[in-house]
Amino acid sequence: MDVRRADERYPGGDEAAGIASRHAFSFGPHYDPDNLRFGALLACNEERLEPGAGFDEHPHSHTEIVTWVVEGELTHRDSAGHETVVRAGDVQRLSAAGGVRHVERNDAAVPLTFVQMWLAPREPGGDPAYEIVRGIADSTPYAVPEAAAMLHVRRLAAGERTAVPDGAYVYVHVVRGEVRLGDEELGAGDAARVTDAEGVDAVAVTRAEVLLWEMA
């Protein structure tokens, strides 16, 4: 188990433009050859956008982009014609495939916080695709077959225990609250990279929300 703390994330964004980013993996100017990916996961970015702030149209390719809104509302528009508002509890996925462009903005009057995760597809190319699942339940894993990955959402009451999926690669990201994973206590923004996970449990120290990626 490799634990990475919130304060170890690479800073990014443009705070003067109302954008604050924190990257868990090598990203942009923060190149780290020893931290390029874990399993299929290429990025786990914590983003905070002030009202009116956002990312102007920019391209992606050969990437599965999964977004989890923590607070606020995210306006998404892409070159394939999709325009949606993503809210807390929704899972959004943009399959960049052979290439797509998109815009992400906070058009609301309150700050927006979201976690965006990028995964490498098993096969490059293809046509872009878009999907949004509203109000995903804890008991309903979200599959990303293109990357041989599964997202599990866990919302835990203090003292509640949940099993971490067994798998070759499991990435655990604490969205809010505190959890105990084995002998490690993780707080908001902390993450654990678990290789060959088997029989691992997470116990909520406080009320918590956790994202778990199960990867082959």
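Here is a walk through the structure above, from its overall build down to a few residues.

First, some ground rules: this is a predicted model, where local features need pLDDT of at least 70, side-chain atom pairs count only at pLDDT 80 or more, and totals for chains, interfaces and linings use all residues. Residues are numbered from 1 along each chain as its sequence is written, and side-chain values use heavy atoms, with hydrogens and water left out.

Let's begin with the fold. The protein has 21 strands and zero helices; strands here are DSSP runs of E with at least two residues, helices are runs of H or I with at least four residues, and both are numbered from the N terminus. The radius of gyration is 16 Å, close to the 17 Å that the globule rule gives for 216 residues, so the protein is as compact as a globular protein of that length. (That radius is taken over C-alpha atoms, and the rule is 2.2 Å times the number of residues to the power 0.38.) Along its principal axes, the C-alpha trace spans about 45 × 40 × 35 Å.

How much of the protein is buried? Of its 216 residues, 48% count as buried, meaning under 20% relative accessible area, while exposed is over 50% and partly exposed is in between (1.4 Å probe, protein chains only). Now look at who touches whom, with contact meaning heavy atoms within 4.5 Å. Among contacts between residues at least 6 apart in sequence, 73% join residues at least 24 apart.

You'll find Phe 38 in the loop between β3 (19-23) and β4 (41-49). Phe 38 counts as buried because its relative accessibility is 9%. Leaving aside neighbours within four places in sequence, its contacts include Phe 25, Tyr 169, Tyr 171 and Met 215. Val 194 is another residue in contact with Phe 38: the two are 156 residues apart in sequence, yet their C-alpha atoms are 9.4 Å apart in space.

Next come the charges. Side chains of opposite charge can pair when their charged atoms come close. A salt bridge here is a side-chain nitrogen of Lys or Arg within 4 Å of a carboxyl oxygen of Asp or Glu, and a search of the whole structure finds 18 of them.

Take Arg 5 and Glu 184, whose closest N and O atoms are 3.2 Å apart.

Arg 134 and Asp 90 form another salt bridge, with closest N and O atoms 2.7 Å apart. Arg 134 lies in the loop between β12 (129-133) and β13 (142-144), and Asp 90 in the loop between β8 (83-87) and β9 (91-95), so the pair ties together parts that are 44 residues apart in sequence.

Finally, the side chains of Glu 185 and Arg 180 meet in a salt bridge at 3.4 Å, N to O. Elsewhere, salt bridges that share partners join Glu 64, Arg 93, Glu 131 and Glu 146 into one network.
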